[in-house]
Amino acid sequence: MDLTSLAVFVAVAEHGGFSAAAQQLHLTQPAVSKRIAQLEEELGTRLLDRLGRQVLPTEAGTLLLERARGLLAEAADTRRAIAALGEGIGGTLRI
């Protein structure tokens, strides 16, 4: 399970479909489908119910969605903190 796959999963769940998620992520729809299939295979469970063109998270998908959002937010925060260190922002201020 990698952050890119989690980001794709979150996009599909939030947009309610593979095509809309693909468009938002600047990926092809088959690439998005493949990422979701790999994630489902890796976790050994279906994460999304496909109801025609609508996609809804399963119970496992709902659990993953909540945690994936947290992991992605933490990763983004970590990137910002590391970037700030590189820019000389941060450290201890003593007066």
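Predicted model: local features only at pLDDT ≥ 70, side-chain atom pairs only at ≥ 80, totals over all residues.
Two packed helices are described by the angle between their axes and the distance between the axes. For α1 and helix α4 (residues 59-86), the axes come within 9 Å and cross at roughly 125 degrees. That angle makes α1 oblique to α4. The crossing of α1 past α4 is left-handed. On the α1 side, the contact is made by Leu3, Leu6, Ala7, Phe9, Val10, Ala13 and Glu14. On the α4 side, it is made by Gly61, Leu64, Leu65, Ala68, Arg69, Leu71, Leu72, Ala75 and Arg79. Twelve residues of this contact are nonpolar, one is polar and three are charged. Glu14 of α1 and Arg69 and Arg79 of α4 are the charged residues.

From α1, the contact draws on Thr4, Ser5, Leu6, Val8, Phe9 and Val12. From α3, it draws on Val32, Arg35, Ile36 and Leu39. The contact of α1 with α3 divides into seven nonpolar residues, two polar and one charged. Thr4 and Ser5 are the polar residues, and Arg35 is the charged one.

Ser5 belongs to helix α1. Its relative accessibility is 5%. The cut-off for buried is under 20%, so Ser5 counts as buried. Beyond residues up to four places away in sequence, Ser5 touches Arg35 and Leu39.

Helix α2 spans residues 18-25. The buried residues of α2 are Phe18, Ala21 and Ala22. They cover an arc of only 100 degrees around the axis, so they lie on the same side of α2. Their cover includes two helices, α1 (3-15) and α3 (29-43). It also includes two strands, β1 (48-51) and β2 (54-57). After α2 comes His26, whose phi is positive, near 60 degrees.

Definitions and conventions:
Residues numbered from 1 in each chain as written. Heavy atoms only, no water. Buried < 20%, exposed > 50% of the residue type's maximum accessible area, 1.4 Å probe, protein only. Helix = DSSP H or I, 4+ residues; strand = E, 2+ residues; numbered from the N terminus. Arc of directions from axis to C-beta. Contact = heavy atoms within 4.5 Å. Axes fitted to C-alpha atoms, helices over the stretch in contact; angles between N-to-C directions. Parallel < 35°, antiparallel > 145°, perpendicular 65-115°, else oblique. Left-handed = near helix turned anticlockwise from the far one by under 90°.
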